[in-house]
Amino acid sequence: MLTLLAIGAGIAVFTGLGAGIGIGYATSKASEAVARQPEADGKISKLLLLGSALAEATAIYGFVVGLLIILLLKDSSATASVVNKSASVAEMLQNTVSLTTVSPYALAVGAGVAVLTGIGAGAGIGIATAKACESVAKCPDADGKISKLLLLGSALAEATAIYGFVVGLLIILLLQNSPSQYVADISIGAGIAVLTGVGAGIGIGLATAKSCEAVSRQPEADGKISKLLLLGSALAEATAIYGFVVALLIILLLPDKSDASSAIGAGVAVLTGIGAGAGIGIATSKAAQSVARQPEADNKISKLLLLGSALAEATAIYGFVVGLLIILLF
(Lines give C-alpha, C1' and ligand atoms only; values in the text may rest on other atoms or scores of the structure.)
Protein backbone atom coordinates (compact mmCIF):
# COMPACT_ATOMS: atom_id res chain seq x y z
CA MET A 1 0.00 0.00 0.00
CA LEU A 2 2.97 2.34 0.45
CA THR A 3 3.14 2.28 -3.34
CA LEU A 4 -0.11 4.25 -3.48
CA LEU A 5 1.32 6.79 -1.06
CA ALA A 6 4.31 7.28 -3.33
CA ILE A 7 2.07 7.48 -6.40
CA GLY A 8 -0.03 10.18 -4.71
CA ALA A 9 3.07 12.29 -4.01
CA GLY A 10 4.28 11.72 -7.57
CA ILE A 11 0.93 12.76 -9.03
CA ALA A 12 0.98 15.96 -6.95
CA VAL A 13 4.37 17.19 -8.14
CA PHE A 14 3.39 16.36 -11.73
CA THR A 15 1.52 19.69 -11.52
CA GLY A 16 4.76 21.31 -12.64
CA LEU A 17 4.19 19.99 -16.16
CA GLY A 18 2.01 22.96 -17.14
CA ALA A 19 4.37 25.54 -15.66
CA GLY A 20 7.44 23.97 -17.25
CA ILE A 21 5.96 23.98 -20.74
CA GLY A 22 4.36 27.41 -20.25
CA ILE A 23 7.55 29.10 -19.02
CA GLY A 24 9.62 27.50 -21.78
CA TYR A 25 7.18 28.68 -24.42
CA ALA A 26 7.09 32.19 -22.95
CA THR A 27 10.89 32.36 -22.88
CA SER A 28 11.15 31.29 -26.51
CA LYS A 29 8.73 34.02 -27.60
CA ALA A 30 10.50 36.59 -25.40
CA SER A 31 13.78 35.78 -27.15
CA GLU A 32 12.14 36.28 -30.54
CA ALA A 33 10.61 39.54 -29.33
CA VAL A 34 14.00 40.92 -28.21
CA ALA A 35 15.53 39.96 -31.56
CA ARG A 36 12.73 41.91 -33.28
CA GLN A 37 12.94 44.93 -30.94
CA PRO A 38 16.28 44.98 -29.02
CA GLU A 39 15.51 48.39 -27.49
CA ALA A 40 12.56 46.86 -25.61
CA ASP A 41 14.57 44.12 -23.89
CA GLY A 42 14.04 45.63 -20.43
CA LYS A 43 10.26 45.78 -20.85
CA ILE A 44 10.14 42.27 -22.32
CA SER A 45 12.30 40.88 -19.51
CA LYS A 46 9.97 42.44 -16.94
CA LEU A 47 6.94 40.76 -18.52
CA LEU A 48 8.71 37.42 -18.77
CA LEU A 49 9.71 37.57 -15.11
CA LEU A 50 6.18 38.51 -14.02
CA GLY A 51 4.46 35.78 -16.00
CA SER A 52 7.05 33.11 -15.19
CA ALA A 53 6.80 33.82 -11.46
CA LEU A 54 3.03 33.35 -11.54
CA ALA A 55 3.32 30.18 -13.61
CA GLU A 56 6.07 28.85 -11.32
CA ALA A 57 3.76 29.22 -8.33
CA THR A 58 1.45 26.55 -9.77
CA ALA A 59 4.34 24.07 -9.70
CA ILE A 60 5.16 25.05 -6.11
CA TYR A 61 1.62 24.14 -5.06
CA GLY A 62 2.16 20.61 -6.33
CA PHE A 63 5.58 20.45 -4.67
CA VAL A 64 4.15 21.48 -1.30
CA VAL A 65 1.29 18.96 -1.48
CA GLY A 66 3.76 16.23 -2.49
CA LEU A 67 5.92 17.02 0.54
CA LEU A 68 2.91 17.03 2.88
CA ILE A 69 1.82 13.64 1.57
CA ILE A 70 5.25 12.21 2.33
CA LEU A 71 5.74 13.92 5.70
CA LEU A 72 2.23 13.74 7.17
CA LEU A 73 0.50 10.73 5.64
CA LYS A 74 3.43 8.36 5.99
CA ASP A 75 2.95 8.35 9.78
CA SER A 76 -0.78 7.72 9.34
CA SER A 77 -0.06 4.89 6.95
CA ALA A 78 2.23 3.28 9.50
CA THR A 79 -0.60 3.34 12.06
CA ALA A 80 -2.99 1.84 9.52
CA SER A 81 -0.51 -0.95 8.80
CA VAL A 82 -0.34 -1.81 12.50
CA VAL A 83 -4.13 -1.97 12.66
CA ASN A 84 -4.22 -4.16 9.59
CA LYS A 85 -1.55 -6.56 10.91
CA SER A 86 -3.21 -6.80 14.32
CA ALA A 87 -6.47 -8.00 12.78
CA SER A 88 -7.12 -11.70 13.00
CA VAL A 89 -6.74 -13.90 9.93
CA ALA A 90 -10.47 -14.63 10.04
CA GLU A 91 -11.29 -10.93 9.99
CA MET A 92 -8.99 -10.28 7.05
CA LEU A 93 -10.46 -13.18 5.09
CA GLN A 94 -13.97 -11.90 5.73
CA ASN A 95 -12.96 -8.34 4.71
CA THR A 96 -14.22 -6.97 8.02
CA VAL A 97 -11.24 -4.62 8.34
CA SER A 98 -12.73 -1.34 7.11
CA LEU A 99 -11.40 0.88 4.33
CA THR A 100 -9.96 3.13 7.02
CA THR A 101 -6.94 0.81 7.01
CA VAL A 102 -6.10 2.07 3.52
CA SER A 103 -7.37 5.61 4.05
CA PRO A 104 -3.91 7.26 4.15
CA TYR A 105 -3.12 5.82 0.74
CA ALA A 106 -6.42 6.99 -0.74
CA LEU A 107 -5.87 10.43 0.79
CA ALA A 108 -2.53 10.68 -0.99
CA VAL A 109 -4.06 9.90 -4.38
CA GLY A 110 -7.00 12.28 -3.84
CA ALA A 111 -4.76 15.17 -2.74
CA GLY A 112 -2.39 14.53 -5.63
CA VAL A 113 -5.20 14.57 -8.17
CA ALA A 114 -6.69 17.76 -6.69
CA VAL A 115 -3.56 19.87 -7.11
CA LEU A 116 -3.21 18.78 -10.75
CA THR A 117 -5.67 21.60 -11.44
CA GLY A 118 -2.59 23.81 -11.61
CA ILE A 119 -1.50 22.26 -14.93
CA GLY A 120 -4.10 24.31 -16.80
CA ALA A 121 -3.19 27.53 -15.00
CA GLY A 122 0.55 27.05 -15.50
CA ALA A 123 0.17 26.43 -19.23
CA GLY A 124 -2.39 29.22 -19.63
CA ILE A 125 -0.22 31.82 -17.89
CA GLY A 126 2.75 30.76 -20.03
CA ILE A 127 0.72 31.24 -23.22
CA ALA A 128 -0.44 34.68 -22.04
CA THR A 129 3.12 35.71 -21.12
CA ALA A 130 4.45 34.63 -24.52
CA LYS A 131 1.90 36.77 -26.36
CA ALA A 132 2.48 39.70 -23.99
CA CYS A 133 6.20 39.68 -24.80
CA GLU A 134 5.47 39.58 -28.53
CA SER A 135 2.97 42.41 -28.16
CA VAL A 136 5.44 44.70 -26.36
CA ALA A 137 7.95 44.11 -29.17
CA LYS A 138 5.32 45.29 -31.66
CA CYS A 139 4.22 48.29 -29.57
CA PRO A 140 6.76 49.17 -26.82
CA ASP A 141 4.80 52.25 -25.77
CA ALA A 142 1.89 50.05 -24.67
CA ASP A 143 3.95 48.00 -22.20
CA GLY A 144 2.14 49.44 -19.17
CA LYS A 145 -1.28 48.55 -20.55
CA ILE A 146 -0.11 45.08 -21.62
CA SER A 147 1.44 44.46 -18.19
CA LYS A 148 -1.88 45.27 -16.50
CA LEU A 149 -3.75 42.86 -18.78
CA LEU A 150 -1.20 40.12 -18.15
CA LEU A 151 -1.41 40.61 -14.40
CA LEU A 152 -5.22 40.64 -14.44
CA GLY A 153 -5.61 37.53 -16.56
CA SER A 154 -2.81 35.62 -14.85
CA ALA A 155 -4.24 36.33 -11.39
CA LEU A 156 -7.61 34.91 -12.44
CA ALA A 157 -5.96 31.86 -14.01
CA GLU A 158 -3.78 31.41 -10.91
CA ALA A 159 -6.91 31.26 -8.76
CA THR A 160 -7.93 28.00 -10.45
CA ALA A 161 -4.65 26.45 -9.29
CA ILE A 162 -5.20 27.77 -5.77
CA TYR A 163 -8.57 25.98 -5.62
CA GLY A 164 -6.85 22.67 -6.28
CA PHE A 165 -4.12 23.47 -3.76
CA VAL A 166 -6.66 24.29 -1.04
CA VAL A 167 -8.65 21.11 -1.70
CA GLY A 168 -5.45 19.05 -1.59
CA LEU A 169 -4.55 20.56 1.78
CA LEU A 170 -8.04 19.96 3.17
CA ILE A 171 -7.95 16.32 2.09
CA ILE A 172 -4.67 15.81 3.91
CA LEU A 173 -5.49 17.80 7.04
CA LEU A 174 -9.18 17.08 7.58
CA LEU A 175 -9.75 13.56 6.32
CA GLN A 176 -6.80 11.63 7.72
CA ASN A 177 -8.55 11.26 11.10
CA SER A 178 -12.05 10.77 9.70
CA PRO A 179 -13.88 7.71 11.09
CA SER A 180 -15.81 7.24 7.84
CA GLN A 181 -15.21 3.98 6.02
CA TYR A 182 -15.67 5.89 2.74
CA VAL A 183 -12.65 8.16 3.12
CA ALA A 184 -11.19 6.67 -0.06
CA ASP A 185 -14.26 7.64 -2.11
CA ILE A 186 -14.48 11.07 -0.47
CA SER A 187 -10.86 12.08 -1.04
CA ILE A 188 -10.73 10.87 -4.63
CA GLY A 189 -14.15 12.38 -5.42
CA ALA A 190 -13.07 15.78 -4.07
CA GLY A 191 -9.83 15.60 -6.04
CA ILE A 192 -11.67 14.85 -9.27
CA ALA A 193 -14.24 17.61 -8.71
CA VAL A 194 -11.73 20.46 -8.44
CA LEU A 195 -10.04 19.34 -11.67
CA THR A 196 -12.86 21.28 -13.33
CA GLY A 197 -10.58 24.32 -13.08
CA VAL A 198 -8.21 22.99 -15.76
CA GLY A 199 -10.50 24.27 -18.52
CA ALA A 200 -10.82 27.72 -16.96
CA GLY A 201 -7.07 28.02 -16.42
CA ILE A 202 -6.30 27.33 -20.06
CA GLY A 203 -9.26 29.39 -21.31
CA ILE A 204 -8.35 32.49 -19.29
CA GLY A 205 -4.76 32.16 -20.45
CA LEU A 206 -5.84 32.14 -24.10
CA ALA A 207 -8.14 35.11 -23.56
CA THR A 208 -5.37 37.08 -21.86
CA ALA A 209 -2.93 36.28 -24.68
CA LYS A 210 -5.23 37.61 -27.38
CA SER A 211 -6.17 40.63 -25.28
CA CYS A 212 -2.51 41.61 -25.01
CA GLU A 213 -2.14 41.23 -28.76
CA ALA A 214 -5.27 43.32 -29.33
CA VAL A 215 -3.94 46.17 -27.18
CA SER A 216 -0.66 46.20 -29.12
CA ARG A 217 -2.71 46.72 -32.30
CA GLN A 218 -5.11 49.27 -30.83
CA PRO A 219 -3.68 50.81 -27.61
CA GLU A 220 -6.51 53.35 -27.41
CA ALA A 221 -9.04 50.54 -26.95
CA ASP A 222 -7.31 49.05 -23.88
CA GLY A 223 -10.21 49.99 -21.60
CA LYS A 224 -12.75 48.23 -23.78
CA ILE A 225 -10.50 45.20 -24.22
CA SER A 226 -9.87 45.02 -20.46
CA LYS A 227 -13.62 45.08 -19.84
CA LEU A 228 -14.13 42.15 -22.23
CA LEU A 229 -11.28 40.19 -20.65
CA LEU A 230 -12.70 40.72 -17.17
CA LEU A 231 -16.20 39.73 -18.28
CA GLY A 232 -15.14 36.56 -20.08
CA SER A 233 -12.60 35.54 -17.47
CA ALA A 234 -15.13 35.96 -14.65
CA LEU A 235 -17.58 33.66 -16.45
CA ALA A 236 -14.84 31.12 -17.15
CA GLU A 237 -13.65 31.35 -13.54
CA ALA A 238 -17.16 30.49 -12.35
CA THR A 239 -16.82 27.03 -13.90
CA ALA A 240 -13.76 26.40 -11.72
CA ILE A 241 -15.65 27.65 -8.66
CA TYR A 242 -18.39 25.06 -9.27
CA GLY A 243 -15.82 22.30 -9.01
CA PHE A 244 -14.26 23.91 -5.95
CA VAL A 245 -17.63 24.17 -4.18
CA VAL A 246 -18.53 20.55 -4.94
CA ALA A 247 -15.13 19.43 -3.65
CA LEU A 248 -15.63 21.38 -0.42
CA LEU A 249 -19.12 19.92 0.07
CA ILE A 250 -17.77 16.41 -0.49
CA ILE A 251 -15.09 16.94 2.16
CA LEU A 252 -17.30 18.72 4.69
CA LEU A 253 -20.65 16.93 4.36
CA LEU A 254 -20.09 13.36 3.20
CA PRO A 255 -17.88 12.04 6.05
CA ASP A 256 -20.92 12.27 8.35
CA LYS A 257 -23.10 10.18 6.02
CA SER A 258 -23.59 6.48 6.63
CA ASP A 259 -22.96 5.83 2.93
CA ALA A 260 -20.66 8.25 1.09
CA SER A 261 -19.76 5.96 -1.80
CA SER A 262 -21.43 8.46 -4.18
CA ALA A 263 -18.61 10.99 -3.71
CA ILE A 264 -16.76 9.97 -6.87
CA GLY A 265 -19.96 10.32 -8.89
CA ALA A 266 -20.43 13.90 -7.66
CA GLY A 267 -16.86 14.73 -8.59
CA VAL A 268 -17.19 13.32 -12.08
CA ALA A 269 -20.49 15.15 -12.68
CA VAL A 270 -19.04 18.63 -12.21
CA LEU A 271 -16.20 17.94 -14.67
CA THR A 272 -18.64 19.11 -17.33
CA GLY A 273 -17.34 22.58 -16.57
CA ILE A 274 -13.97 21.87 -18.22
CA GLY A 275 -15.48 22.38 -21.66
CA ALA A 276 -17.35 25.52 -20.67
CA GLY A 277 -14.27 27.11 -19.08
CA ALA A 278 -12.11 26.50 -22.14
CA GLY A 279 -14.89 27.49 -24.55
CA ILE A 280 -15.61 30.80 -22.84
CA GLY A 281 -11.91 31.59 -22.88
CA ILE A 282 -11.73 30.97 -26.63
CA ALA A 283 -14.79 33.18 -27.20
CA THR A 284 -13.28 35.97 -25.09
CA SER A 285 -10.00 35.84 -27.01
CA LYS A 286 -11.76 36.38 -30.34
CA ALA A 287 -13.97 39.11 -28.88
CA ALA A 288 -10.87 41.03 -27.77
CA GLN A 289 -9.37 40.78 -31.25
CA SER A 290 -12.63 41.96 -32.78
CA VAL A 291 -12.79 45.06 -30.57
CA ALA A 292 -9.23 45.93 -31.60
CA ARG A 293 -10.35 45.84 -35.24
CA GLN A 294 -13.59 47.75 -34.65
CA PRO A 295 -13.58 49.61 -31.28
CA GLU A 296 -16.93 51.29 -32.01
CA ALA A 297 -18.65 47.90 -32.00
CA ASP A 298 -17.52 47.00 -28.46
CA ASN A 299 -21.06 47.09 -26.99
CA LYS A 300 -22.42 44.77 -29.67
CA ILE A 301 -19.45 42.43 -29.27
CA SER A 302 -19.88 42.46 -25.47
CA LYS A 303 -23.53 41.46 -25.84
CA LEU A 304 -22.60 38.58 -28.13
CA LEU A 305 -19.90 37.42 -25.72
CA LEU A 306 -22.29 37.58 -22.78
CA LEU A 307 -24.99 35.67 -24.67
CA GLY A 308 -22.72 32.90 -25.92
CA SER A 309 -20.85 32.61 -22.63
CA ALA A 310 -24.11 32.35 -20.67
CA LEU A 311 -25.21 29.46 -22.87
CA ALA A 312 -21.84 27.75 -22.49
CA GLU A 313 -21.93 28.40 -18.74
CA ALA A 314 -25.24 26.56 -18.55
CA THR A 315 -23.51 23.31 -19.51
CA ALA A 316 -21.26 23.69 -16.44
CA ILE A 317 -24.26 24.49 -14.26
CA TYR A 318 -25.92 21.22 -15.29
CA GLY A 319 -22.96 19.26 -13.96
CA PHE A 320 -22.86 21.41 -10.84
CA VAL A 321 -26.53 20.79 -10.07
CA VAL A 322 -26.20 17.04 -10.62
CA GLY A 323 -23.15 16.99 -8.35
CA LEU A 324 -25.06 18.81 -5.62
CA LEU A 325 -28.02 16.46 -5.92
CA ILE A 326 -25.77 13.43 -5.64
CA ILE A 327 -24.22 14.87 -2.45
CA LEU A 328 -27.53 15.90 -0.87
CA LEU A 329 -29.90 13.13 -1.93
CA PHE A 330 -27.90 9.92 -2.23
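How are H8 and H10 oriented to each other, roughly parallel or roughly antiparallel?

The legends below describe close-up views of a predicted model, in which local features need pLDDT of at least 70, side-chain atom pairs count only at pLDDT 80 or more, and totals for chains, interfaces and linings use all residues. Residues are numbered from 1 along each chain as its sequence is written, and side-chain values use heavy atoms, with hydrogens and water left out.

**View A. Helices H8 and H10.** The axes of H8 and H10 come within 7 Å and cross at roughly 170°, axes being lines fitted to C-alpha atoms, for helices over the stretch in contact, with angles running from 0 to 180 degrees between N-to-C directions. H8 and H10 are therefore roughly antiparallel to each other, where angles under 35 degrees count as roughly parallel, over 145 as roughly antiparallel, 65 to 115 as roughly perpendicular and the rest as oblique. Helices (H or I, at least four residues) and strands (E, at least two) are DSSP runs, numbered from the N terminus. On the H8 side the contact (heavy atoms within 4.5 Å) is made by Ile-186, Gly-189, Ala-190, Ala-193 and Val-194, and on the H10 side by Gly-243, Phe-244, Val-246, Ala-247, Ile-250 and Ile-251. These residues divide into 9 nonpolar, 2 polar and no charged, with Ala, Val, Leu, Ile, Met, Phe, Trp, Tyr, Cys and Pro counted as nonpolar, Asp, Glu, Lys and Arg as charged, and the others, Gly among them, as polar.

View B. The contact of H9 with H10 comprises 9 nonpolar, 5 polar and 2 charged residues. With helix H12 (residues 273–293), H9 packs at an angle of about 5°, the axes lying 7 Å apart, which makes H9 roughly parallel to H12. Among the residues meeting here are Gly-203, Leu-206 and Lys-210 of H9 and Gly-277, Gly-281 and Arg-293 of H12, and by class the contact of H9 with H12 has 9 nonpolar, 8 polar and 4 charged residues.

**View C. The nonpolar cores.** A nonpolar core is a set of buried Ala, Val, Leu, Ile, Met, Phe, Trp, Tyr and Cys residues joined through side-chain atoms within 4.5 Å, and buried means under 20% relative accessible area, exposed over 50%, partly exposed in between (1.4 Å probe, protein chains only). The largest such core has 49 residues, and those with the most contacts inside it are Val-65, Ile-69, Val-167, Ile-171, Val-246 and Ile-250. Helices that each supply at least two residues of this core include H1 (2–13), H3 (41–86), H7, H10 and H13 (298–329). Leaving aside neighbours within four places in sequence, Val-65 is in contact with Ala-12, Ala-111, Val-115, Phe-165 and Ile-172.

View D. Thr-15, in the loop between H1 and helix H2 (16–36), is buried, with a relative accessible area of 0%. The side chain of Thr-15 reaches the backbone oxygen of Ala-12 at 2.6 Å, a polar contact being a pair of N or O atoms within 3.5 Å, where within protein one must be able to donate a hydrogen and the other to accept it, and residues adjacent in sequence count only if both atoms are side-chain atoms. Ser-154, in helix H7 (residues 143–175), counts as buried at 1% relative accessibility, and a polar atom of its side chain lies 2.7 Å from the backbone oxygen of Leu-150. Beyond neighbours within four places in sequence, Ser-154 is in contact with Leu-54, Ile-125 and Thr-208.

**View E. Lys-43 in helix H3.** Lys-43 has its place in H3 and is partly exposed, with a relative accessible area of 31%. The side chain of Lys-43 reaches the backbone oxygen of Pro-140 at 3.2 Å, and, neighbours within four places in sequence aside, Lys-43 is in contact with Val-136, Pro-140 and Asp-143.
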